[in-house]
Amino acid sequence: MFMTVIFAGAPCIHAQSVAIDEEVEQFQGFFLERFFSVSLEEFNEGPYSLPQSARQAATFHFLEQLPPYMHDLIPARSEWNRTYNGVTLKKCMAQYPPANQFPYVIDNQVMSIEMAILGCLALQDRSFAESDSMELAALTAVFREQARGLANQVSLDDEKLKTLYREGRRIFWARQGQYNYSCASCHVQNAGNTLAGELVSPALGHTTAFPVYSQTRASRAGNGWVTLHEQYQRCMSRMGVVTPTLGDQRLLALEVFQTMNDVSIPLKAPQSRP
Ligand code: HEC
């Protein structure tokens, strides 16, 4: 707990003076010390990264052998190679680096994978993929799985990314909403503890698993995919905060902040969740 208090205060006090790479090292160091049996590379299975989840992790690993998202992923993989308007997503997305280098800055604009795919879909003259559609999430999963095992490498020097990182950091640490929680209250201070029957995941590694496929969501809504931004919305409503709509800059800022903290952790997306 002592550790937590010092660490939780640090980003506010040193906000402008500490370099981002030092902050990232401090952030990673906190989790590596707290969960000393887990190596940095192993922080890529959300709550299942932690020894506290051993029992649930056994089920998770068993399921991953024949994952519940496969029946959705397979058609999306063929969509990836299908030609519309003379363009395939495979070819169009080849103008970008692999998924482990996103969010990526091109033409002075910070792009998430979803934004890049939407741009390609527009070239294909297809409009089915609204920013919250399950097709888009499945296509994101196809692009992310191609970079499975590659370590996250986001530029810590780009000015645009740095600005979003700072905004994301502010949102992450700010107490807000009805219950006066911050993201950190749960995913830093309470990582590894159980809240309402759920084991709370460490913030470190959060981005590497996404999109995830929730079996509960699949059985209720027919669409199991949960993108990172949708997960942020879910947690914000848990906090009693008015949630930003998809496409909002604040969600991108949180993604940039979290991805920068996940630097060097190998991607392991998609993954299933209960
Ligand atoms: C009241 C506690 C609480 C707060 C506050 C909270 N979350 Fe969560 N979050 C959870 C729980 C519980 C889950 C589901 C179990 C898990 O994976 O941690 C979850 C899941 C997640 C996941 C998915 C992890 C995975 O691999 O499945 C991400 C990412 C996440 N939260 C990010 C955030 C962010 C960013 C914020 C702040 C905007 C936030 N959370 C605020 C409790 C919280």
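**Close-up views of a predicted model**

**View 1. Contacts of A138.** A138 touches D72, L73, A76 and W225, leaving aside residues up to four places away in sequence. Contact requires C-beta atoms, placed from the backbone, within 7 Å. The model is predicted: local features need pLDDT of at least 70, side-chain atom pairs count only at pLDDT 80 or more, and totals for chains, interfaces and linings use all residues. Numbering starts from 1 along each chain as its sequence is written. A138 sits in helix α7 (residues 134-145). Helices are DSSP runs (H or I, at least four residues), numbered from the N terminus. A138 counts as buried because 25 other C-beta atoms lie within 10 Å; the cut-off is 20 or more. Its C-alpha atom is 9.7 Å from that of G224, 86 residues apart along the chain.

**View 2. Helix α4 against α7.** The axes of α4 (residues 70-81) and α7 come within 9 Å and cross at roughly 75°. Axes are lines fitted to C-alpha atoms over the stretch in contact, with angles from 0 to 180 degrees between N-to-C directions. From α4, the contact uses D72, L73, A76, R77, E79 and W80; from α7, A138, L139, A141 and V142.

**View 3. Shell around the ligand.** Among 22 residues around the ligand, G46, C183, C186, S201 and C235 come nearest. A residue is near if its C-beta atom, placed from the backbone, lies within 6 Å. Helices α9 (183-189) and α11 (228-238) each supply at least two shell residues. The largest share, five residues, comes from α11.

Terms used: Buried ≥ 20, exposed ≤ 12 C-beta atoms within 10 Å, placed from the backbone. Contact = placed C-beta atoms within 7 Å.
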